[in-house]
Every structure is written in structure tokens, then in C-alpha cells.
Amino acid sequence: MRRGPGGEASLRRRRGPARLWVAVAALVAGTIWLCSSSSVGLLGASYRVQDVDVNKLWRTADSNGWRASSAPRTYWPPPPTESESSGYLRVRCNGGLNQQRSAICNAVVAARIMNATLVLPELDTNSFWHDESGFVGIYDVPHFLKTLKYDVRIVMSIPEITANGKTKKLKAHQIRPPRDAPVSWYATVALEKMKKYGAVYLTPFSHRLAEDIDDPELQRLRCRVNYHALRFKPHIMKTSSEIVNKLRSEGHFMSIHLRFELDMLAFAGCIDIFTPHEQKILLKYRKEHFAEKLLVPRERRLIGKCPLTPEEVGLILRAMRFDNTTRIYLASGELFGGKRFMKPFKAMFPRLENHSTVGPGKLEENTQGLAGSAVDYMVCLLSDIFIPTYDGPSNFANNLMGHRMYYGFRTTITPNRKALAPIFIDRAQGRTTGFEQRIRQVIFNTHFGAPHKRIHPESFYKNSWPECFCQTNARNHADRCPPDNINDVLESQFQSEEEIEEARTTNQTDSTGQTEETMI
């Protein structure tokens, strides 16, 4: 039985119970199949700051019996055939690598909602990276198609059509979708246009599908796309693997995403720590790229809207009692303000690396544009500890935190900038009594990447618990782990449907043949 077009309610009604489960895949040097985390957790439910052993942070967070699972847990009909499809869906994903990554996930879900055929998503690389590599230059396309073959029908381009003896490409009707559009918009407005024109082109397609969706199966589809289907191309995986192996050859290493860059500082409005000349540059950039708004730097800092400076990151690590032998991988673009901001950080932690310093020889274009961001992403994903210095609208940090949760609850230290702000302001004004103790009190009052309830405005891509996780010994039936491998089961379902369809067709043919014989 095929799934007809419709909204969330229609999707839920058509799914009966089934027993499925997933073998979790992560990305490095090919596909790594993930197992549930068996490591000892970091911290218990209650603890005293002075008792915390920082060495335990190199382990994974306490999973509390949860593990990643994005397999469907109810009946999941196969995608439509060409004749059953509602039409073709084109999307143009704008923004940086990880904003585009989220958009690709949303595009797959939108195609599923509309019972549509998805055209391989377009990456608007020129507007952000000035990079023309596109989807096929960054992601492993055959793997993407194979992984999602039981979820959506995907084609490389819109096919040509023949009308009045002339062959031409079907033109997609362009629509600007509303931001965070609900499922109902795709099941009605977008679907009606698709049926009318045969194809629709949604552009721009950043944050164009609501993150909060009531149907957990659609949320699990997001996870299958994000954590299984989207694998980088072999040369990116190879470079990332070589960097990780070099870093890990001397033991543990942490990665830090330093978001101390021109665009983010201008966006945040945190300009008071810069020279007058640098402030002019930041204000000019803000005026050209962002909406006009009065921003007071001190107020922004007090509400946690300013990215941490490199020195503040170093002070946090030292307060946590990491020593100066700690190996750190820095993922960042060009830091604004020059070397003077890095100097105090490097004095505290001299063993700093990035993909250029630790990479295998000349990485050529691998470290440029989208590919360079992809290498940073993979190294941060596989590091023992990850620290984002700004997790507001930074899709890089948000996606990584979500991916690291899915990848066995790998330790993430998320500084609470709002709670830290008065501590750093006191230090700048000479009030340093109890400074490190106050820092530790803030930092150790976090979940470190362990499963926790998602609370608005926390993004689904930052925390996909509980939809994309299951519990081996769950009390709640909905949280129990499905027992089978996702690919094997979906393939079995798909083949069963084909056999039923074939049998039905055969019966109809036999019946027709018998009728014809009777008539003769």
C-alpha cells in the first residue's frame, strides 16, 4: 500500500506497528557503525565542585542506558514510484556548511511530507564561501542516495518532458517558503503548487521547516539524513582521519570552536574591547549585513550574547585544572583583532593546532571553503572533548553538539556565557577573589553532552533526545530500542510491498487472461 500525499495526521494514520531498530553510523574513513556507550559516566546526579576529577571529562558522558536510534518504530511506507510521486521538489540551501546541512535534512523531510521526488539539493556556496564545489563536491552522493532509498525518491535533476512534439526541461515554480513553516504548509500550499506545475523550487531554504514537529517519525528521518546519509567525500574523510590520528597519537585531545570572527562579533555587537579602528570595521560590517539595532556591548555581555575571547577560554580551562600539556585543535576562521588576542591563550596552552598545522602536508583545496569547514567538523566530532565558545546562531556548534550526543554522548563542555560574564567583568576590574572557584561552579553545573530534555529555544539539531534515542531497559514502551537493523528491515518491508504489488498485478493479469479465453 503506497502513501498518498497529506499532512502529519495522514502520515500517522497510515503507519501500523512494526519492530525495527538501527545500527548507528558515524563518519570517519568511511562508515563507522556505532554501538551504545558503555563508558563510565562523568558525574553523578550530585557532586561537589572541589571533588570533580577533570580526567573523567576525557570519557563519554553518562548515557543512563540510552543509545542512538533513528530507525522507524511504526510502519514506514516506501517512497512513491515515479508515477505515484506528487511532483519534483527543488531547494537552494543558503548559508554556511552546517546551515546548509540542516536545510538538506529539512528538504528530505519536506519531500516525504509532500510524497514528492527530491532533486539533489543545491548549495548556494557562492554567497557565503565563494566556493563552487556544491553538493557533489562535498558529500558522498552515492552513499546519500543509497542510505535514503527507503525514505524518499531522489533524482540528480528534473527530467525533460515532451509536449506538442517538443522536448524541454520541466520548469519548477519558484516559491519563497515562510521561515519555520509548519508541516501543514508543505501538505497544502506547497503541495497544491507542485500538483499545478509539476515541480516547485523553494528558495531560499534556510530554516524553512519548523524544528518542532509532533510526528517523531519525521524527526527520526531528520536524524537518518543528518547522521547517516550525509557523509563527506572520501578526500575530506581521509584528511580528517589523518589529522585525528596525528592528534591522538600522543593521547587525548580537545577541540575548540573559536567563534571570534568578524561576522559574529559584528552580529553580536561586542565591540568595546577593540581599538577605535577595529570598531569602525565592525560597525561598517554590521551596517552592511544586519538589521539596524542599538546594541550596548556591556549589556550584550551581561546577557551572554558575546562570544568568549581566546583569553577567556584559556582562563576557563585553567580554572578547570587542565594543564599546559593539553593538546587543543582550534576550529575557526580568521580571528578578528590579530595575534594579540591569541597571545595570552597560547601562553597558557601552547599546544595549539589547526588543520593547516597538523594536516598531512599540503592540503590544497581541502582546507578552503566548504571542504575546510568539513574537515574541522569531522575533527571536532571525533575529538575527546569539544568546547563551543558561542552556541547562539552558530550552526557549526549546534550541529556538532547534536552529532556528538548521537555519536555515543561524547563530552561537550558548554560554557554558560551569561553566568560567566559577571565573573570576567569582576576580574577585569581587579576583583579576583575566588575567581577560579566561581568559574568551576558555573562550568561543572552542566550536562556535558549527556541526555537531557530539550527546552526552547534549544534546537532539535543541537539535541535530538528523545526522538532519536532509545533505552535498552526502558519502562516507557515508546523509548524501547527496536530489535532489528534499519537497512535490513526497511529492505524487507520494501521487498514485501513489491511482492504484494507483483502478486496483485499477476492475479489481475491471470484474471484478464481467463476472461479473454472464455470470450473466445
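Predicted model: local features only at pLDDT ≥ 70, side-chain atom pairs only at ≥ 80, totals over all residues.

Analyst: Happy to! Cysteine 93 is buried, at 0% relative accessible area. Cysteine 105 is in no disulfide either, and its nearest cysteine sulfur, in cysteine 223, is 8.3 Å away. Cysteine 105 is likewise buried, with 0% relative accessibility.

Cysteine 223 does have a partner, though: a disulfide joins it to cysteine 468, with an S to S distance of 2.0 Å. Cysteine 223 lies in helix H7 and cysteine 468 in the loop between helix H17 and strand S17, so this bond ties together parts 245 residues apart in sequence. The S-S torsion is about 95°, so the disulfide is right-handed. Cysteine 223 is buried at 1%, and cysteine 468 is buried at 0%.

The whole structure holds 3 disulfides. Another one links cysteine 270 and cysteine 306; its torsion of about -95° makes it left-handed. Cysteine 270 is in the loop between H9 and H10, while cysteine 306 is in the loop between H11 and H12, and both are buried.

Finally, cysteine 470 bonds to cysteine 481, with a torsion of about 90° and so a right-handed disulfide. Cysteine 470 sits in strand S17 and cysteine 481 in the loop between S17 and helix H18, 11 residues apart in sequence. Numbered in sequence order, the bonded cysteines pair as 1-4, 2-3, 5-6.

Note on methods:
Residues numbered from 1 in each chain as written. Heavy atoms only, no water. Disulfide = S-S within 2.5 Å. Helix = DSSP H or I, 4+ residues; strand = E, 2+ residues; numbered from the N terminus. Buried < 20%, exposed > 50% of the residue type's maximum accessible area, 1.4 Å probe, protein only.
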